[in-house]
Amino acid sequence: MLGKAARENFPVAPFFLPRTWRGDLMAVYGYARLVDDIGDGDLAPGGTDAALLGVSPERADDRLALLDAFEADLRRVFDGSAEGPRHPLLRALRPAVRRCGLTPVPFLDLIEANRQDQRTGRYATYDDLLAYCELSANPVGRLVLGITGTTTPERVRRSDAICTALQIVEHLQDVAEDLGRGRIYLPAEDMKRFGVEEAGLAAPTGSAEVRALVACVAERASLQLNEGAPLVGSVHGRLKLLLAGFVAGGRAALKAIAAAGHDVLPGPPKPTKLALVREVGATLRREG
């Protein structure tokens with residue numbers, strides 16, 4: 001999990017945060033990462049996770065069965081039973097849930113997003129994609145606010161905008177990888193408008209039409225990010241720096257995509273650490 005956290009566009013639990021926050025954020029990240037690994041079929045070989053969740057070996061590759069079992073184990077985090085959850089990542093999550101008064105809803109939404117990935121591989125409209133992000137991304141930001149004790153309706157609204165933007169940026173970076181999983185997160189209506197066929201997304205490099213499509217979706221993500229950015233100025237201290245890192249990570253990734261000519265098909269354009277640091281500074285100066 002630590003290795004995967006280091007590869008994200010944004011800092012997950014940086015050193016400057018209080019130790020309790022770092023532990024709670026890593027517990028939430030571990031949960032979200034494991035749910036995604038189940039939904040993507042990326043669990044470690046050997047069936048250990050399936051066995052921990054009580055799934056029989058013959059169903060160890062059944063993603064929906066694993067998600068159902070994981071949800072059942074999640075509910076043991078909240079039911080107050082002495083037995084507690086079976087999976088170690090969920091056992092690690094339990095103290096954070098109790099300490100911060102977290103509710104089951106955002107955790108369940110992340111599971112539902114991965115169920116949706118098993119049923120749906122295409123999104124007709126941008127609004128459909130936003131509805132998916134409501135399940136797959138926005139719960140994470142709400143959990144960050146819960147862990148840091150800073151939840152308000154306005155902050156939740158801003159956080160949702162940031163998380164949606166970060167999710168869309170990740171989809172843009174991973175167009176080729178997602179296609180290999182049978183998924184396309186570029187809205188079909190936009191693909192049609194720019195004259196992009198699905199076969200065009202499988203090319204080694206993007207055509208002019210594909211790059212124009214990516215540029216259009218990237219601009220929408222940038223607007224979402226700017227809508228959420230005032231969240232940074234609404235908090236203080238080390239939390240301000242953490243949230244600036246989230247916003248800056250999205251902005252630096254968008255600049256990396258633009259620097260690649262919006263050609264994301266050869267591989268995900270990634271910002272350098274220096275570019276990220278510069279964006280953090282710029283975001284802090286603007287307070288969003």
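**A side-chain pair and the helices**

Tutor: The side chains of Asp40 and Arg183 are joined by a polar contact of 2.7 Å (a pair of N or O atoms within 3.5 Å; within protein, one must be able to donate a hydrogen and the other to accept it, and residues adjacent in sequence count only if both atoms are side-chain atoms). The model is predicted, so local features need pLDDT of at least 70 and side-chain atom pairs count only at pLDDT 80 or more, while totals for chains, interfaces and linings use all residues. Residues are numbered from 1 along each chain as its sequence is written, and side-chain values use heavy atoms, with hydrogens and water left out.

Asp40 belongs to helix H2, residues 19–40 (helices are DSSP runs of H or I with at least four residues, numbered from the N terminus). With a relative accessible area of 15%, Asp40 is buried (under 20% is buried, over 50% exposed, in between partly exposed, with a 1.4 Å probe and protein chains only). Beyond the neighbours within four places in sequence, Asp40 is in contact with Arg33, Arg63, Arg181 and Arg183 (contact means heavy atoms within 4.5 Å).

H2 also meets helix H5, residues 88–100: the two axes come within 9 Å and cross at roughly 130° (axes are lines fitted to C-alpha atoms, for helices over the stretch in contact, with angles from 0 to 180 degrees between N-to-C directions). H2 and H5 are therefore oblique to each other (under 35 degrees is roughly parallel, over 145 roughly antiparallel, 65 to 115 roughly perpendicular, the rest oblique). The crossing of H2 and H5 is left-handed (the near helix is turned anticlockwise from the far one by less than a right angle; clockwise would be right-handed). On the H2 side the contact uses Thr20, Asp24, Ala27, Val28, Gly30, Tyr31 and Leu34, and on the H5 side Leu89, Leu90, Ala92, Leu93, Ala96, Arg99 and Cys100. By class, these are 10 nonpolar, 2 polar and 2 charged residues (Ala, Val, Leu, Ile, Met, Phe, Trp, Tyr, Cys and Pro are nonpolar; Asp, Glu, Lys and Arg are charged; the others, Gly among them, are polar).

Helix H6, residues 105–119, has its axis within 9 Å of that of helix H8, residues 138–148, and the two cross at roughly 160°. This angle makes H6 roughly antiparallel to H8. The crossing of H6 and H8 is left-handed. Pro106, Phe107, Asp109 and Leu110 of H6 meet Pro139, Val140 and Leu143 of H8. That contact has 6 nonpolar residues, no polar ones and 1 charged.

H6 also contacts helix H7, residues 126–136, where the axes come within 7 Å and cross at roughly 135°. H6 and H7 are therefore oblique to each other. Asp109, Leu110, Glu112, Ala113, Gln116 and Asp117 of H6 touch Tyr132, Leu135 and Ser136 of H7. The classes here are 4 nonpolar, 2 polar and 3 charged.

Two single residues remain. Thr164 sits in helix H9, residues 153–173, and counts as buried at 5% relative accessibility. Not counting residues up to four places away in sequence, Thr164 touches Leu130, Cys133, Ala137, Asn138 and Gln224. Glu209 lies in helix H12, residues 208–228, and is partly exposed, with a relative accessible area of 39%. Leaving aside neighbours within four places in sequence, Glu209 is in contact with Phe194, Gly195 and Val196. The C-alpha atoms of Glu209 and Glu197 are separated by 9.5 Å, with the two residues 12 apart along the chain.
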